[in-house]
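The sequence and the structure are shown first.

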Amino acid sequence: QVHLVESGGGLVQAGGSLRISCAASGSTFSTYHMGWFRQAPGKEREFVARISRSGLTTLYADSVKGRFAISRENSKNTVYLQMNSLKPEDTAVYYCAATRDYSDYHSWGQGIQVTVSS
């Protein structure tokens, strides 16, 4: 298990950019693959992006491909989600999560609100 805390959310206009961060506790951060998920009001939580332990491999949902970028700094125990060309439909609570094998994300942050105004 790892403790995760998101930060950097807020309100941004459509077309704008925002970077959210997720800080992990402990010394084992580099052993986890990391993912970002989001949940909009009235909708189920959905996958946004993921990054491998080394940071060399990433995967994105079609809805954010080309607009969002996931990255990590293992020396800082932090994973980032750079969000560009934001749309109102990107409005959601964003969660980071950790997994050892992508089949089960076992540790989750508390979530952070991102609101995109039209």
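## Hairpins

F37 stands opposite F47 in β5. The model is a predicted one, and in it strand β4 (residues 33-39) is joined to strand β5 (residues 46-51) by five bridges, the two strands running antiparallel. Together β4 and β5 make a hairpin with six residues between them, and in its turn G42 has a positive phi of about 75°.

Strand β5 also pairs with strand β6 (residues 58-60), in the antiparallel sense and over three bridges, with I51 standing opposite T58 in β6. A hairpin is formed by β5 and β6 as well, again with six residues between the strands, and G55 in that turn has a positive phi of about 90°.

## Strand β1 and its partner

Strand β1 (residues 4-7) runs antiparallel to strand β3 (residues 18-24), to which four bridges join it; within β3, A23 is the bridge partner of V5.

In a regular strand the side chains alternate between the two faces of the sheet.

In soluble globular proteins, nonpolar side chains tend to be buried together. The largest nonpolar core of this model has 31 residues, and those with the most contacts inside it are M34, W36, L81, M83 and Y94. Two or more residues are given to this core by each of β3, β4, β5, β7 (68-73), β8 (78-83), β9 (92-99) and β11 (112-117).

What does L81 touch, once its neighbours within four places in sequence are left aside? Its contacts are L18, R19, I20, W36, V48, A49, F68, A69, I70 and Y94.

## The disulfide

A disulfide is a covalent bond between the sulfur atoms of two cysteines. The structure holds one disulfide, formed by C22 and C96, whose sulfur atoms are 2.0 Å apart. This pair links distant parts of the chain, with C22 in strand β3 and C96 in strand β9, 74 residues apart.

The torsion about the S-S bond of C22 and C96 is about 55°, and the disulfide is therefore right-handed. Is C22 buried or exposed? The relative accessibility of C22 is 0%, so this cysteine counts as buried, the cut-off being under 20% relative accessible area. C96, with a relative accessible area of 0%, is buried too.

Definitions and conventions. Residues are numbered from 1 along each chain as its sequence is written. This is a predicted model: local features need pLDDT of at least 70, side-chain atom pairs count only at pLDDT 80 or more; totals for chains, interfaces and linings use all residues. Side-chain values use heavy atoms; hydrogens and water are left out. Two strands pair if DSSP finds at least two bridges between them. A nonpolar core is a set of buried Ala, Val, Leu, Ile, Met, Phe, Trp, Tyr and Cys residues joined through side-chain atoms within 4.5 Å. Buried means under 20% relative accessible area, exposed over 50%, partly exposed in between (1.4 Å probe, protein chains only). Contact means heavy atoms within 4.5 Å. A disulfide is a pair of cysteine sulfur atoms within 2.5 Å.
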